Every structure is written in C-alpha cells, then in structure tokens.
Amino acid sequence: MSTELKIVAARLHRVRMPLVHEFQTSSHRKAFLDHVLVELEDASGAVGWGEIASSSDPYYAPETVETCWHIASRYLLPAVLDRPWTHPDQLAGLWSKIRGNNFAKAGVDMAAWTLWAEVQQVPLATVLGGTRTEVVAGVSLGIEPTIDDLLAQVQQQVEAGYPRVKLKIAPGWDVEPVSAVRSAYPDLDLHVDANGIYTADDLEQLRKLDGYRLTMIEQPFAPRDLLTHAALQRTIGTPVCLDESVETVDDLETALALDALKILNIKVSRMGGLTAARAAHDRAQDAGVPVWCGGMHEFGIGRLANVALSSLSGFTLPSDVSASEKYYARDLVEPGVVAVRGVVQVPRASGLGQPVDRELIAANTVAQLSLGPEQE
Ligand code: OSB
Ligand code: MG
C-alpha cells in the first residue's frame, strides 16, 4: 500500500444545521451548529471529506469556528497542498510546527484518511484497523428545564432502544436528576458528564453520586486539574472518565501515571484527528483502560468517522455515535447514521461509507473557500 497521494486542491465549507432538540451543557446552550467541512482532492480527482466539529464558542475547548477557519486556511491546508504522502499518518508531520488547534487539525486529518480509504477502495474502519462490524451507541442528554423534561427525554431514548444514557450535570443539577433517573430506570447503564465545572471544593457533593451505580463520572474538574481527578478517584468506587483533560497521548500518559482516570473518552476532534485518536486507543488498551468514542454533535461526515473509529477493539463501552435523526432532520450523508435498538452497523462501502449530499451541503453553506490551482 505505497500509493503516493498528493492533495492538489482543498475547499472549506462552513455549514449551518439546526438541531432537532436544543442542547444545554454546564457551559452553553445550542439550537443550531456551524461546522466546517474540509474537502481534499488529489491529482486523480478523488475526494476525501472531513469535518471540523468545533463549537462556536471557546467553552468546551479553546477553539471556535472562526479560529478553526483561520488555522485551516492559513496554516494547515498550505502545509499539505502539493506535498506527497503515502499514508495519512504522515499528515501530522507536515504541520508539526503548528501547536494545538486540534479541532482544525482533526478535520484535515479526517479528510486525508477518507481520501486514502477511498483511493484504496477500502472502508475507513478497515484502514484504521477496526474489527467490529457493528458498534453500540449511547445518547448524551443535556440539562433540561425540569426533572420531568429530563425524564421524558430519557424515556424517549430508552424506548428508541439506546442501552446507555449520559446526563450532563452542573452544580444545582446533579444528585437530584441522577436520583430521579435512577429511580425510574434501576438497571439503565447511566453515566454523568460535568464538562469540568466542579472544583476541589465540590468533592463531597460529587461523592454523593457514588451511591447511584453510575458507569462513570466524566470530567468533573477543569481540564488541567488532574490531581483533583485522582483525589476523587481514590475515594469513590465509580470510575472517573477523562474527556477535556486528554488532548494528546502525552496527556494520557500523565493521567495514567497519576491514576487520574479509569476510563477514557476519545474524541477525534479533541485529539486532533484519527491518527492521534487511534494512538490514544492503543495506549489505553495497553494500560487496560476501556475507551469509548465521544461526540461533538457531528454532522454525518464526522459521525461516520466516529463510527469507523469505534470499530477498533478497545472501544468496549457504548459510544456517542447516536443516529443522525437524534440531532438533524436530514443529515449531510445518505442515508445518514442509523441505529437499530442502539446498534449502528459499520459501513462496508469504501471510504467514508456513505455518499455525501452535495446539494444539502450547498443549501446550508454560509461561507466557502478554495485553495489550489483554480485560485492561481
Ligand atoms: O463533553 O461530550 C461532551 C457536546 C458538546 C460539547 C461537549 C460534549 C458534548 C456531548 C455530545 O456530550 C455528545 C454527542 O455528540 O451526542
Ligand atoms: Mg464530555
């Protein structure tokens, strides 16, 4: 597999999609999302798509849609254009001087992987080394105005067949919703995600969650506060899961050394792409840490990449790869990600595995940029 590839043209599409249900985390509320699609074309005319799934505001991570646009157009695409490579894991080497900006990098990396898989005529999951033919999906539920609204959301998703539900928590919305959902669903695989809003002053409050048989408590403390994560883990039985804290494999190494986690959420965007996400999976597997694939409300392109990644053997917990219909009335790939009783089939078609709906992309595009020969 030493086919040489060269990206000769690149396009960015800023696409706006309304969410079917507003989503609130400990930091923000969203009714529609703008993501930047990355389209890479090689000399033969083959195309690979990627998705920059950054939030609009710098609340989950420091990046925004605008910073991603800037970094991709000014630095990442010029670094890869007209530079030959024989495997997508070489892309990071082309932009090794560019620090951080993982969401922007992830979109370009993903487009290179899907282009590579397309050219090889092999499914993305296979080129990544995935072995599962289907993956189990969970759902992530935002903070709701009332406990009854939350219970209605949980009921809808449980009835749709999802076997795992994650609840967003924040001070004032933690023990009460967890207790209500646990009473209504004694056997549900349930976990909570705080998106880093608590501090060491809240250790006692968080320990109260230990009595509800949660599968994990995800990112209770600030991203760089690994010591408090380790302190909580020492005093509770519920596994601590890290999300925002792990942006590189080095971060994971430090967290492992400090016993700051028992479970890892791997997000393609947060890690800076599929190459890094796969490396984190391999390291966690070595360390005996189970992983699952987190989401950023991806449109179909990023969502299919998440499904492909989740087919790797270390992804033993349900991933946030819920069906497209949970988020969008119509998705940008055809037919979109489908879950049957919480199970998603890993596409067997080559590349991304589903055709991209260019008409829908064009209809929802709010900004566009082309780099390459047509610009010269
Ligand atoms: O922490 O996992 C998170 C959405 C936006 C920002 C952060 C997170 C999330 C989610 C959504 O939980 C997961 C999904 O895509 O369904
Ligand atoms: Mg999270």
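## Ligand and metal sites

A polar side-chain atom of Lys168 is 3.0 Å from an oxygen atom of ligand 1; a polar contact is a pair of N or O atoms within 3.5 Å, and within protein one must be able to donate a hydrogen and the other to accept it, with residues adjacent in sequence counting only if both atoms are side-chain atoms. This is a predicted model, in which local features need pLDDT of at least 70 and side-chain atom pairs count only at pLDDT 80 or more, while totals for chains, interfaces and linings use all residues. Residues are numbered from 1 along each chain as its sequence is written, chains are lettered from A and ligands numbered from 1 in the order in which they are written, and side-chain values use heavy atoms, with hydrogens and water left out.

| Residue and atom | Distance to an oxygen atom of ligand 1 |
|---|---|
| Lys166, polar side-chain atom | 3.0 Å |
| Lys168, polar side-chain atom | 3.0 Å |
| Met296, polar backbone atom | 3.5 Å |

Ligand 1 is surrounded by 14 residues, the closest being Ser140, Asn195, Lys267, His297 and Tyr327; a residue counts here if one of its heavy atoms lies within 4 Å of the molecule.

Asp193 (OD), Glu218 (OE) and Asp243 (OD) coordinate the magnesium ion (ligand 2) at 2.1 to 2.3 Å. Donors are N, O and S atoms within 2.8 Å of the metal (3.2 Å for Na, K and Ca), and water is not among the atoms, so sites may look incomplete. The spacing of the donor residues in sequence is D-x24-E-x24-D. Asp193 belongs to strand β7 (residues 189-193) and Glu218 to strand β8 (residues 217-218), so the pair ties together parts that are 25 residues apart in sequence. Helices (H or I, at least four residues) and strands (E, at least two) are DSSP runs, numbered from the N terminus. Asp193 is buried at 1% relative accessible area, and Glu218 is buried at 0%. Buried means under 20% relative accessible area, exposed over 50%, and partly exposed in between (1.4 Å probe, protein chains only).

In α12, 11 of the 11 residues are buried, so the helix is largely enclosed by the rest of the structure. Among them are Leu304 and Ala308, which also line the largest cavity. Both α4 (124-128) and α12 (300-310) supply at least two residues of that lining.

Key. On a 1 Å grid over the protein atoms alone, a cavity is a set of points where a 1.4 Å probe fits but cannot get out, and a pocket is an open set with protein on both sides within 12 Å along at least five of seven lines; lining residues have an atom within 4 Å of a point.
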